[in-house]
Amino acid sequence: MGWLFYTDGRVQTYADEKAEIARLCTFEGETRRTELVKACKVGSTWYAAATVTSIDGSPVEDTTYVTDADGSITFGAVFLTRYDDGCWGYKDMEESAGPNESRAPLGLIELLSDLKDPDSYAQDWRQRCRDWAAIPDYEEGDKIRLATPVTLTDGSTCQIVSATHYKRGRQKRRCYRIEETGGLVRLSKASLAGSELLSSAKGAASPVLAEYLAGRE
């Protein structure tokens with residue numbers, strides 16, 4: 001399915017977008033009813049979980065999803081969105097269609113029904129969402145080894161960095177100090193996948209806290 005844009009200006013705000021996602025995920029046919037359970041926006045992409053029930057109360061039978069104990073199934077959907085000349089538009093995909101955007105929060109993934117095919121597109125999409133959620137959110141002063149060296153614009157590489165920040169106006173922006181040169185670099189979250197914490201800023205700040213943290217490992 002291609003992009004659909006609204007030219008009537010009905011969608012202008014975050015609340016308008018969420019209400020429209022809810023409307024798109026809520027419909028009723030002759031035998032089944034679909035309702036939105038949860039919707040989350042990450043960047044410009046909306047992720048949704050919608051539950052399907054039978055109108056007569058019988059268990060929902062589906063070739064993709066395992067029927068839940070209450071007789072329903074819950075599937076995931078992805079809505080790419082953007083504004084073009086002030087008009088809001090979307091492109092929607094069900095998780096089994098293999099969407100590329102895969103940053104749905106774990107809380108949403110956990111709502112979805114089990115899949116019958118362990119090698120399906122939907123299974124791969126869910127795992128990519130879990131992998132994204134597993135990328136650490138490092139704290140100021142943490143020393144990190146990246147899974148693979150990152151090539152910088154000058155052709156050099158870096159692999160061991162420390163989390164820090166720089167200021168732009170009143171805002172703090174996350175960046176990383178390169179161990180070898182002391183220079184600063186911005187890193188995308190994706191580049192932190194598989195990274196390793198070499199030393200914790202929390203542990204270094206207090207010997208007592210370091211001992212406590214070591215005892216919990």
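Which residue forms a salt bridge with lysine 143? The partner is glutamate 179, with the closest N and O atoms 3.6 Å apart.

## Ground rules

This is a predicted model, where local features need pLDDT of at least 70 and side-chain atom pairs count only at pLDDT 80 or more, while totals for chains, interfaces and linings use all residues. Residues are numbered from 1 along each chain as its sequence is written, and side-chain values use heavy atoms, leaving out hydrogens and water.

## Counting the bridges

Side chains of opposite charge can pair when their charged atoms come close. With a salt bridge taken as a side-chain nitrogen of Lys or Arg within 4 Å of a carboxyl oxygen of Asp or Glu, the count is nine.

Strands here are DSSP runs of at least two E residues, numbered from the N terminus. Glutamate 179 is partly exposed at 42% relative accessibility, and lysine 143 is partly exposed at 27%; that label covers anything between buried (under 20% relative accessible area) and exposed (over 50%), using a 1.4 Å probe and protein chains only.

Glutamate 196 and arginine 145 also meet in a salt bridge, at 3.7 Å from N to O. Glutamate 196 belongs to strand E11 (residues 196-199) and arginine 145 to strand E7, so this pair joins parts 51 residues apart in sequence. Glutamate 196 is partly exposed at 42%, as is arginine 145 at 35%.

Arginine 10 is partly exposed, with a relative accessible area of 44%, and aspartate 8 is partly exposed at 48%.

Terms used:
Helix = DSSP H or I, 4+ residues; strand = E, 2+ residues; numbered from the N terminus.
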